Amino acid sequence: HYLKYYTLKTFVKKSTPLKKTDFRKKNLLNFGHPVRVVFSEKNLYIKTSGTPQSNGGLNDSVFVKLKNNEVISAKVIDVGVVSANL
């Protein structure tokens, strides 16, 4: 599960334990590629699509342009998915 969101920065050496610092975040969304935007407030969920204005990894804050050209701030929660509050 961890490797879904992170990748190794260097080659793995035999008999050397891995440390957290050996990993870096993977980009889970890319600038200009459509993403799913999930707005949530208590038990209400609204899903739509948008276009990220930058690349982003897990838990990164990014700006996303919605269909109505409004730009919002959202948090990356999975591959191609961001979350924002209503």
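I began with Arg36, which is found in strand E3; strands (E, at least two residues) and helices (H or I, at least four) are DSSP runs numbered from the N terminus. The model is a predicted one, in which local features need pLDDT of at least 70 and side-chain atom pairs count only at pLDDT 80 or more, while totals for chains, interfaces and linings use all residues. Residues are numbered from 1 along each chain as its sequence is written, and side-chain values use heavy atoms, with hydrogens and water left out.

Is Arg36 buried, exposed or partly exposed? I noted that Arg36 counts as partly exposed because its relative accessibility is 43%; buried means under 20% relative accessible area, exposed over 50%, and partly exposed in between (1.4 Å probe, protein chains only).

I then listed the contacts of Arg36, where contact means heavy atoms within 4.5 Å. Not counting residues up to four places away in sequence, Arg36 touches Thr48, Gly80, Val81 and Val82. I also looked up Ser73, which is 37 residues from Arg36 in sequence and 13 Å away in space, C-alpha to C-alpha.

Next I turned to Val35. Leaving aside neighbours within four places in sequence, Val35 is in contact with Leu29, Thr48, Ser49, Gly50, Pro52, Val64, Gly80 and Val82.

Which residues touch the most other members of the largest nonpolar core? I found Val35, Val37, Phe39, Val64, Ile72, Val76 and Val82, out of 17 residues in this core. Strand E3 (35-41), E5, E6 and E7 are the elements that give two or more residues to the core. A nonpolar core is a set of buried Ala, Val, Leu, Ile, Met, Phe, Trp, Tyr and Cys residues joined through side-chain atoms within 4.5 Å. In soluble globular proteins, nonpolar side chains tend to be buried together.

I followed the strand pairs next; two strands pair if DSSP finds at least two bridges between them. Strands E5 (residues 61-66) and E6 (residues 71-78) run antiparallel and are joined by five bridges. Phe63 stands opposite Ser73 in E6. The hairpin of E5 and E6 has four residues between the strands, and Asn69 takes a positive phi near 70 degrees there.

E6 is also joined to strand E7 (residues 81-85) by three bridges, and these two run antiparallel. Val76 stands opposite Val82 in E7. In the hairpin of E6 and E7, two residues lie between the strands, and Gly80 in the turn has a positive phi of about 70 degrees.

Lastly, I recorded that Ile46 is found in strand E4 (residues 44-52). Ile46 is partly exposed, with a relative accessible area of 37%.
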